[in-house]
Amino acid sequence: MIKVAPSILSADFANMGEAVRKTQEWGADYIHLDVMDGNFVPQITFGAMMCKAIRKYTNIPIDAHLMVNDPRKYIEQFADAGADIVTVHTEADKHIHGTLQKIKQCGMKAGVVLNPATPISACECVIEDCDMILLMSVNPGFGGQKFIPGVVKKIQQLKNMIDKSGCSVDIEIDGGINPETAKLCIEAGANVLVAGNSVFTAQDPARMIKLIRGAE
Ligand code: DX5
Ligand code: ZN
């Protein structure tokens, strides 16, 4: 089942509760929360308090993408704030296996994130500890960037690795997703698609979500 996770990085920050309520109304499967610390990536967006604030406006899963250094420090905060899924960057954590365990101990689904230049091998030893693996199809830190076509090959490699492992792990793709790039990613094996700019700038966001899902 193909899931679409609109990123609220492209939503109206001054009216986030309403934006999240509408996103669910448009048929989103997840709310994608782009948490940025201004260190791991240049921008600062928000932390667990934003997760807590929007929790009241939606009952679909909140998918928190932590673009922060040493993410383990924040896991409990996101659990208390009602996040359902937390993904952490392999490039930002020296003890990623322990952090995945911590996310699960806090009752959330766990995943790792790989930047465009990070090889699939970086997640090979933690596949069975992941519910989802997020591949960046842009360099993290900003919405509205151009899709990096080379990531399609990485999706195929990851899909093969997951199939060989016998584990059931979602493949999420994040950055520059629109109906055209979504099709390439789904054909390659991705089943969760993050989309910020394409959804929040669309004339008809509900239809855009359907088009990205390939349902139209
Ligand atoms: C970038 C974020 C992405 C981004 C996607 O660092 O992780 O989720 O917001 O936005 P679009 O879909 O606008 O490329
Ligand atoms: Zn993201």
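Among contacts (heavy atoms within 4.5 Å) in this predicted model between residues at least 6 apart in sequence, 63% join residues at least 24 apart. Residues are numbered from 1 along each chain as its sequence is written, and chains are lettered from A and ligands numbered from 1 in the order in which they are written. Local features need pLDDT of at least 70, side-chain atom pairs count only at pLDDT 80 or more, totals for chains, interfaces and linings use all residues, and side-chain values use heavy atoms, with hydrogens and water left out.

Of the 216 residues, 56% count as buried, that is, under 20% relative accessible area with a 1.4 Å probe, protein chains only.

Next, select I8, F78 and V86. Within the largest nonpolar core, which has 65 residues, these three touch the most other members. Such a core is a set of buried Ala, Val, Leu, Ile, Met, Phe, Trp, Tyr and Cys residues joined through side-chain atoms within 4.5 Å. Helix α5 (residues 151-165) supplies the largest share of this core, six residues. Helices here are DSSP runs of H or I, at least four residues, numbered from the N terminus.

Stay on V86. Leaving out residues up to four places away in sequence, V86 touches A64, L66, I75, F78, I103, M108, K109, A110 and G111.

Finally, select α6 (residues 179-188) and α8 (residues 205-213). Their axes, lines fitted to C-alpha atoms over the stretch in contact, come within 8 Å and cross at roughly 30°. That makes α6 roughly parallel to α8 (angles under 35 degrees). P179, A182 and I186 of α6 meet M208, L211, I212 and R213 of α8.

Terms used
Axes are lines fitted to C-alpha atoms, for helices over the stretch in contact, and angles run from 0 to 180 degrees between N-to-C directions. Helices (H or I, at least four residues) and strands (E, at least two) are DSSP runs, numbered from the N terminus. Angles under 35 degrees count as roughly parallel, over 145 as roughly antiparallel, 65 to 115 as roughly perpendicular and the rest as oblique. Buried means under 20% relative accessible area, exposed over 50%, partly exposed in between (1.4 Å probe, protein chains only).
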